[in-house]
Amino acid sequence: MSKIISLAKRRGFIFQSSEIYGGFGSGYDFGPLGVEMKGNLKQVWWSGMIKNHENIIGLDAAILMNPKVWQASGHLTAGFADTLRECKKCHKRFKKDEIKKDRCPECGGELTKPRKFNLMMRTFVGPVQEEASTTYLRPETCQGIYVNFGNIVRTMRCKIPFGIAQIGKAFRNEINPKNFIFRTREFEQMEMQWFCHPKEANKWFELWKKERIKWHLNLGIKKENLRAKEIPAKERAHYAKRQVDIEYRFPFGWGEIEGIHNRGDWDLSNHSKHSGKDLRYFDEGSKEKYFPHVVETSVGVERTLLAFLCNAYQEIKGGRTRTTKSAKEVEILLNLDKKITPVKVAVLPLVRNKPELVKKAKEVYQLLKPYFVCQYDEVGSIGRRYRRGDEIGVLYTITIDFETLKENDVTIRDRDTMKQERVKIKDLVEVLKERLED
Ligand code: GAP
C-alpha cells in the first residue's frame, strides 16, 4: 500500500486534505490526475446505467434533508452504528476484530464493555444551534431517491420495473477511518435503486449482482482479485433482507467495494408511514397497488478508484524504457483501462533544444487538447519521459522528431505494446479517437 500511496501523492492523484495544517480526520483531496480518474469512473458508471438501459433514469438530490428522513430510514436508531469498546486510558475506540487480548491494542489499557456509536454526521441549519435546527449530512445517497419516488413516477410516467441512479457525496462519522482512501468520513457513492414487483426481487437481485461483477471485470479488475460474498443475516445492514458484498483483494486484505442489497419495501413503506404520503405504486394493467421492492447496487467511487490503482500497479524489474541503471531497478507501469486512465495522450518533442521541433510539438498539443486529456512534456531524455507517462498510465505518446518537419507525421507509442507507428498529423485526431473508442 505504501507504494500506491507514494505514487498517488508524487504524481498528483491524491493529497492529504489540509496537509499544510497537518491533515484533517481522514480527508483526502483529489489532485489533477485524481479528479480526471474519478470523473472517468463516474462517467463510465453513469453512461452504463443511463445509456445502456432504457428504463433507468437519473437524479441529483440534496445532501441536507429533512431530519425526519433519517428517523424513517432507521439511520438514527441503533441500526446505523458501530459496536465498539473504548480504552479507559487513551479513550481510543476499537471494533471487535481489532482487539486481540481484551486490552487496548494501542496502550494496553482496560477496555469498556461494547457500546453502540452512531455514524451520522450532525450539523445545524440556520443561525441557531438548537435541537430544532439539527439535521444530518446524508450517510447514503439513496434516501433522496426514495423520497422522490412519487415525483419521478408521476413526472416520468415510469412503469415497474425501472431504476433511478444517482452519484453524490455521503458522510459517515467513521470511528476508525483507515487504509488511505478505503474508509474515510466523506466519500462519494454511485447508487442505483431498482424498483420491481415483490415477487421478482430475487430474480433481479441475481441479475444485478452478475451485471455489477461484469462491470468491474470489464474495466480490467483481475478475476482472482474479485469475489462476491454473501453476508449472513446478523451482519447485514439494518435495511437489507439479502446482501452480497463485492470485494476486492487489496494489499491489506479483502475489502468491500460495492454492496448489492435487497431492501424489500423497507424504505418506501417507512417513508409512507412517517410522512403520511402513500408511496405505493399502482399497476394500471393488473389494478394492483403495492410497495415495490428495491434491489440496490451501491458502489463507492474512492474505494473503486483505489482498487483500480492497486490492480493496475506493476513494477517491472530492469524496466522497459532503457532508463534503468541495473537489472534490479524497477520501472512502474500503471496499465489502467483506457476508459478510466486519467491522461490519454502525451506529446513530446524529441529534444527541447531545437526550436522548430518544440514549435511543432506545441502545435500538435494544441490540436489534440480539445479532444483528449493531454499532457505536453519536454523535460529529460525521451526514455525518461516515456517512463513518466507509463507511471501514470498515459495511453498514447506522440513524439515529434526531425522527420515530422519533412513529412508532417509523428510516431504514436502504445503504452501496453510499446509499438511505435507513424501517423500523418492531419489523421491524428481521428486515429486516436478510433483507438479510444470501445
Ligand atoms: N445505500 C447502501 C449503502 O450505503 P454501504 O455498503 O454502506 O451501502 C456502499 O456502502 C459503498 O459505499 C461501499 O461498498 C463502499 O464502496 C462505499 N463506502 C461506504 N462507507 C465508506 C467509507 N467510510 N469510506 C469510503 N467508502 C465507503
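**View 1. Valine 351 in its loop.** Valine 351 sits in the loop that links β19 (345-349) to α9 (355-368); helices (H or I, at least four residues) and strands (E, at least two) are DSSP runs, numbered from the N terminus. This is a predicted model, in which local features need pLDDT of at least 70 and side-chain atom pairs count only at pLDDT 80 or more, while totals for chains, interfaces and linings use all residues. Residues are numbered from 1 along each chain as its sequence is written, and side-chain values use heavy atoms, leaving out hydrogens and water.

**View 2. Residues around the ligand.** Glu140, Thr184, Glu191, Glu256 and Glu296 come nearest among the 21 residues around the ligand, where near means a heavy atom within 4 Å. Which strand gives the most to this shell? That is β13, with 6 residues.

View 3. For isoleucine 257, a polar backbone atom is 2.8 Å from an oxygen atom of the ligand. Tyrosine 239 brings a polar side-chain atom to 3.4 Å from a ligand oxygen. The protein covers 94% of the 550 Å² of accessible area that the ligand has on its own, computed by the Shrake-Rupley method with a 1.4 Å probe.

Conventions: Polar contact = N/O pair within 3.5 Å; in protein donor to acceptor, adjacent residues only side chain to side chain.
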